[in-house]
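Welcome! Here is a short tour of a protein chain, from its ring contacts to one of its sheets.

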Amino acid sequence: MDTQDNSSEKNTKPLDFIRQMITEDLASGKHAVPVTRFPPEPNGFLHIGHAKSICLNFGIANEFGGRCHLRFDDTNPSKEESAYVDSIKKDVKWLGFDWGENLFYASDYFDKLYEYALELIKKEKAYICCLNADKMRQYRGTLTEPGRESPHRNRTIEENLRIFQEMKDGVHAEGSHVLRAKIDMASPNLNMRDPILYRIMNVNHHRTGDKWCIYPMYDYTHCLSDSTEEITHSLCTLEFEDHRPLYDWVLDTLETPAHPQQIEFARLNLSYTVMSKRKLMQLVNENHVTGWDDPRMLTISGLRRRGYTPDSIRNFCAEIGVGKRDSWIDMGVLENSVRNDLNTKAPRVMGVLDPLKVVITNYPEDKVEGVEAKTTPKTRIWGPARFPFPEKSILNAVTFWKMHLENSSAWTSVARCG
RNA sequence: UGGGGCGUAGCCAAGCGGUUAAGGCACCGGGUUUUGAUCCCGGCAUUCGGAGGUUCGAUCCCUCCCGCCCCAGCCA
């Protein structure tokens with residue numbers, strides 16, 4: 001007969017498109033295990049949107065027996081602080097994830113990145129440009145018009161090497177020179193119009209101090225950091241889709257240990273709230289909230305203070321799924337996840353708001369009965385809470401009047417003796 | 001307007017050429033309950049942005065159209 005039990009299949013959550021790709025890469029032998037990374041910039045606190053990425057990256061590593069690195073993307077010292085590094089580590093741990101030995105910083109690779117830049121110059125794939133920001137914008141063209149080549153595009157290798165060295169030595173002023181990749185000023189993808197690789201910044205870095213006065217840009221740093229760590233799948237949000245050709249260009253042009261695959265997914269949007277770091281930062285700086293961990297903010301630390309559990313956040317992330325559509329999740333879904341989780345974990349107690357003392361005249365004096373109550377919904381745990389029912393009792397005043405008005409027969413004597 | 005993406009219910013989201021188009025949130029009933037909670041039962045897309053085409057058969061393949069998002073930082 002039809003005794004086939006497919007209930008277990010029904011309960012299996014279908015794999016999202018990223019996990020499907022990874023499953024295929026493992027099956028084909030492309031990779032033995034997946035290696036992912038969560039790459040926050042230490043310029044603010046983590047929020048619920050980051051939780052989605054954390055759960056994705058660490059979740060994949062856990063599920064497929066791989067590993068996930070925690071790597072701080074600290075290439076812009078003017079915005080970054082070690083205090084943020086600490087808060088980020090704390091939040092990732094609190095969410096229940098462990099990077100083990102795999103804690104890295106893009107700044108760990110500054111020396112190596114510099115060597116790679118030299119390689120690019122020697123291959124005539126990068127050059128020093130002296131156009132100022134304004135001029136560079138003009139040369140870049142627009143969405144519909146191609147850009148024009150920089151007048152410095154064809155310097156000799158020697159000259160490029162010399163000036164790059166001078167930039168590193170602090171000879172030049174901020175904004176006076178940059179190192180650019182030599183790609184294609186006519187590309188319809190603006191990211192490929194000779195993007196900047198290095199800029200001069202006379203700023204102290206939270207880890208390297210004053211060792212450097214030139215800092216690498218995100219596009220150049222991220223792919224090489226991924227490659228260096230031999231990441232297999234580099235997961236990022238949709239807005240970086242246009243950057244993938246550059247990610248691939250750098251790794252294809254240079255001799256690198258690995259060529260990770262960048263895969264983009266939609267960032268989390270929640271209705272009725274703000275999530276961008278810029279806006280959260282503004283709320284903090286302008287004192288509209290008490291700090292990054294204000295319970296009204298959807299930062300991880302705010303949610304923690306609010307009473308959210310790590311499980312509730314992880315369940316939420318699993319629930320919403322991973323896709324490529326820009327979507328707005330109802331706040332109710334997040335709230336539902338805590339409710340569900342707390343219903344199985346948090347014992348309940350009874351309190352009376354707006355108390356009203358009543359004397360029950362048709363009830364034996366000195367007698368105290370009690371009824372046991374289920375303290376944890378969704379479980380069969382009863383007690384230890386007992387609701388006492390003595391002669392002198394306390395009722396919620398509103399309930400009392402409601403009963404009185406409704407002339408509820410069960411309580412008329414109470415009402416009369418009130 | 002050039003390029004890159006995305007369109008399945010109010011909000012998410014499965015679906016991968018033949019399914020009664022999963023599931024969750026929300027919502028609407030009904031039941032249990034000394035918690036307006038929890039729990040249980042039921043309802044909620046004749047249709048997949050639109051129009052053509054291929055096919056015995058299309059949410060799924062092709063073409064065109066429409067809509068939405070992202071890109072012109074020396075941010076990430």
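## Charges over rings

A charge sits over a ring if NZ of Lys or CZ of Arg is within 6 Å of the ring centre and within 35 degrees of the ring normal. Arg 304 meets this rule: its charged end sits over the ring of Trp 94, 5.1 Å from the centre.

## How to read the model

This is a predicted model, in which local features need pLDDT of at least 70 and side-chain atom pairs count only at pLDDT 80 or more, while totals for chains, interfaces and linings use all residues. Residues are numbered from 1 along each chain as its sequence is written, chains are lettered from A and ligands numbered from 1 in the order in which they are written, and side-chain values use heavy atoms, leaving out hydrogens and water.

## A three-stranded sheet

Helices (H or I, at least four residues) and strands (E, at least two) are DSSP runs, numbered from the N terminus; two strands pair if DSSP finds at least two bridges between them. One open sheet has three strands in the order β1-β2-β3, with parallel pairing. Because β1 (35-38) and β3 (103-105) stand at the edges with a single partner strand each, one side of each has no neighbour in the sheet.

Strand β2 (residues 67-72) runs parallel to β3 and is joined to it by three bridges. Here Phe 72 stands opposite Tyr 105 in β3.

## Aromatic pairs

Rings of Phe, Tyr and Trp (its six-membered ring) pair if their centres lie within 6.5 Å; planes under 30 degrees apart count as stacked, over 60 as edge-to-face and the rest as tilted. How many aromatic pairs does this rule give? The count comes to twelve. In one of them, the rings of Tyr 84 and Trp 292 have centres 6.2 Å apart and planes at 80 degrees, so the pair is edge-to-face. Tyr 84 lies in helix α4 (residues 82-94) and Trp 292 in the loop between α10 (277-285) and α11 (300-306), 208 residues apart. Tyr 84 is buried (under 20% relative accessible area; exposed is over 50%, partly exposed in between; 1.4 Å probe, protein chains only), at 9%.

Phe 110 and Tyr 215 form another edge-to-face pair, 5.8 Å centre to centre with 70 degrees between the planes. Phe 110 is buried at 2% relative accessibility, and Tyr 215 is buried at 0%. Both belong to a cluster linked by ring pairs, together with Tyr 114, Phe 164, Tyr 198, Trp 212 and Tyr 220.
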